[in-house]
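Thank you all for coming.

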Amino acid sequence: VGALIGTVLLFVCVSAIMLTGSISFEGLSQDINTSMLLLMLGGYIIQSAAEEFLCRGLVLCSLKDRVPMPVAIAASTFVFTFNHWGNFIGSEPQYIFLGFLCLIIISCIFSFLTLKTKSIWTACGLHSMWNFCLSCILGLALSGKGASAALIDMKSVGKNLLNGGKYGIEASLVTGMVLAAASVLLWFSYKKDSKERQV
């Protein structure tokens, strides 16, 4: 479920940015390395799961029954964003601001999914597929880092707030709006489930 949500969210963001002309589709890559793609998938699954076990498993789940839920989510989000802060080195201020904002929102999505499904694996699936598809399927920058082996050749057109500049779509105004909408929907869905369980 998490992997499906992550894939859909990413493709909605990229499609919306493409409509603005800020990302172009160049076709399929001519030199596709299947072995490398599989290795990268395994790597992203491990890396993403490790981050989720720290931020959602250790921080969020250990605090949620001891402090108010917003405090537990904020603590988890702080740890998550702190781990990514080094990726902004060399970025321009506007992209740092938008990238930081997107980090906060996606971290909230991971937290709401974990709380709603009562499983950290949903967040792991979303996290890993977002990273893998963005970098290895679409060939776009992931948190400021260029893609390695990619299935599709996509390029940012210029540097602007719609495509996130050098940092990539994770510092895009469009991505921020899509993620914010998804976050609000997940929060209300979680709150609705909580009320139903209390009845």
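Predicted model: local features only at pLDDT ≥ 70, side-chain atom pairs only at ≥ 80, totals over all residues.

Let me start with serine 119, which caps the N-terminal end of helix H5, with a side-chain oxygen 3.2 Å from the backbone nitrogen of tryptophan 121. Residues are numbered from 1 along each chain as its sequence is written, and side-chain values use heavy atoms, with hydrogens and water left out.

Helix H5 itself covers residues 120–137, and its 18 residues reach 24 Å from the first C-alpha to the last, close to the 26 Å expected at 1.5 Å a residue. That expected span is 1.5 Å times one less than the number of residues, and helices here are DSSP runs of H or I with at least four residues, strands being runs of E with at least two, numbered from the N terminus. Just after H5, glycine 139 takes a positive phi of about 75°.

How much of H5 is buried? Of its 18 residues, 16 are buried, so that the helix is mostly covered, where buried means under 20% relative accessible area, exposed means over 50%, and partly exposed lies in between, with a 1.4 Å probe and protein chains only. Histidine 127 lies in this helix and is buried, because its relative accessible area is 4%. Leaving aside neighbours within four places in sequence, histidine 127 is in contact (heavy atoms within 4.5 Å) with Gln47, Ser48, Glu51, Glu52, Phe80 and Phe110.

Serine 172 is found in the loop between E2 and H6, and it counts as buried because its relative accessible area is 0%. Again leaving aside neighbours within four places in sequence, the contacts of serine 172 include Ile17, Leu98 and Cys102, as well as Leu161 and Leu162.

Now to the charged pairs. A search of the whole structure finds five salt bridges, a salt bridge being a side-chain nitrogen of Lys or Arg within 4 Å of a carboxyl oxygen of Asp or Glu. In one of them, the side chains of glutamate 92 and lysine 159 meet at 3.5 Å, N to O. Glutamate 92 lies in the loop between helix H3 (69–84) and helix H4 (93–117), and lysine 159 in the loop between strand E2 (152–156) and helix H6 (173–198), so this pair ties together parts that are 67 residues apart in sequence. Lysine 159 counts as exposed, at 56% relative accessibility, whereas glutamate 92, at 34%, counts as partly exposed.

Lysine 116 forms another salt bridge, with aspartate 193, and here the closest N and O atoms are 2.5 Å apart. Because lysine 116 lies in helix H4 and aspartate 193 in helix H6, the pair ties together parts that are 77 residues apart in sequence. Aspartate 193 is buried, with a relative accessible area of 19%, while lysine 116 is partly exposed at 27%.

A further salt bridge joins lysine 155 to aspartate 153, the closest N and O atoms being 2.4 Å apart.

Key. Polar contact = N/O pair within 3.5 Å; in protein donor to acceptor, adjacent residues only side chain to side chain.
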